[in-house]
Amino acid sequence: MRASGKRVRRVTCDRNILRNGAPESVSRSLIGATFEKPKRWGKWLICATDRPALIFHFGMTGRFVWSGDDPEPHPHDRMTLEFSDGELRYRDQRKFGGVWLAGAHEVGDILGPLGPDALEVTEDEFIARLERRRGSIKAALMNQKVLAGLGNLTVDESLWQARIPPRKKASSLSKRELSAIYRACQKVLRDSSKEGLVPAKRTWLTGARNRSDRRCPRCHSGLERATVSGRTTFWCSRCQ
Ligand SMILES: [Zn+2]
């Protein structure tokens, strides 16, 4: 993040975006604070400073914009941190995300019982966390207490790449199948973090799910669609 190692000169924020205090408390706590290197954990970003930390949850549409790359402020800028060489703006169109101010011992309480970050977990731990879960493999992968950072599109894409049906019981999968899901998740997460979203490649399920004919890019059968674990889910019943 562009703010690492820099001191905050000024903070402005929307009344509603700070979830655990009044906007003035951010200025009071952070003016003069120096940002350390942030740590990502699932959809959370923990920005420690030499004072309290700022914790961001990006929701569906939240992101950072650096004023050097995009000088014009925007009506969806919910929080602006001013440094000597520019401004870091937290822009969120739909306000599903949020920002928390956290003292040294409060970070864990705010994040709750999150599982390990899906991009950093080892294959052995990934398998151990999933192999005894009751319920579908999709529900287990989406559960942030099991693994943090897997969203609906990432899970559908990974299961399609690993050829595992989303409604299959997690506990019925073999180690080999869970290992295939692990490799697919890592690949999808890496490609997504480069682009900032799950890429809608022609050869991926994600590229097919929004098209009108919705055919499997691998075998060209029509895709199945159902609500699984509360979310719209696509899969191919022929190759998954
Ligand atoms: Zn198929």
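First, the ground rules. Residues are numbered from 1 along each chain as its sequence is written, and side-chain values use heavy atoms, with hydrogens and water left out. Because the model is predicted, local features need pLDDT of at least 70 and side-chain atom pairs count only at pLDDT 80 or more, while totals for chains, interfaces and linings use all residues.

Now the whole chain. There are seven helices and 10 strands. These are DSSP runs numbered from the N terminus: helices are H or I with at least four residues, strands are E with at least two. Along the principal axes, the C-alpha atoms fill a box of roughly 60 × 40 × 25 Å. The chain has 240 residues, and 48% of them are buried. Buried means under 20% relative accessible area, exposed means over 50%, and partly exposed is in between, with a 1.4 Å probe and protein chains only.

Start with strand β1, residues 10-13, which holds V11. V11 counts as buried because its relative accessibility is 8%.

Next, β3. Which strands pair with it? One is β2, antiparallel to β3 and joined to it by three bridges. The other is β4, residues 53-57, also antiparallel, with four bridges. Two strands pair if DSSP finds at least two bridges between them. Look at the partners. I46 in β3 stands opposite K39. C47 has L54 of β4 as its bridge partner.

The turns come next. The β2 and β3 hairpin has two residues between the strands, and G42 there takes a positive phi near 60°. The hairpin from β3 to β4 runs through five residues. Both faces of β3 are covered. W44 and I46 are buried on one side, L45 and C47 on the other.

On to the largest pocket. Its volume is about 1,600 Å³. A pocket is found on a 1 Å grid over the protein atoms alone: it is an open set of points where a 1.4 Å probe fits, with protein on both sides within 12 Å along at least five of seven lines, and lining residues have an atom within 4 Å of a point. Grid points are joined across faces, edges and corners, and the volume is the space filled by probe spheres set on the points. The lining has 48 residues, and K43, F58, G59, G196 and L197 are the closest to the centre. Elements giving two or more residues include β2, β3 and α5. α6 gives the most, with five. By type, the lining has 21 nonpolar, 14 polar and 13 charged residues. Here Asp, Glu, Lys and Arg are charged, Ala, Val, Leu, Ile, Met, Phe, Trp, Tyr, Cys and Pro are nonpolar, and the others, Gly among them, are polar.

Last, the zinc ion. Its protein donors are the SG atoms of C216, C219, C236 and C239, 2.2 to 2.4 Å away. Donors are N, O and S atoms within 2.8 Å of the metal, or 3.2 Å for Na, K and Ca; water is not among the atoms, so sites may look incomplete. Why is the arrangement tetrahedral? The four donor atoms subtend angles of 99 to 125°, and four donors count as tetrahedral if all angles lie between 85 and 135 degrees. In sequence, the donor spacing is C-x2-C-x16-C-x2-C. C219 sits in the loop between α7 and β9, C236 in the segment after β10, 17 residues apart. C219 is partly exposed, at 21% relative accessible area. C236, at 0%, is buried.

How values were computed: Four donors count as tetrahedral if all angles lie between 85 and 135 degrees; four count as square planar and six as octahedral if opposite donors are over 155 degrees apart and all others between 65 and 115; anything else is irregular.
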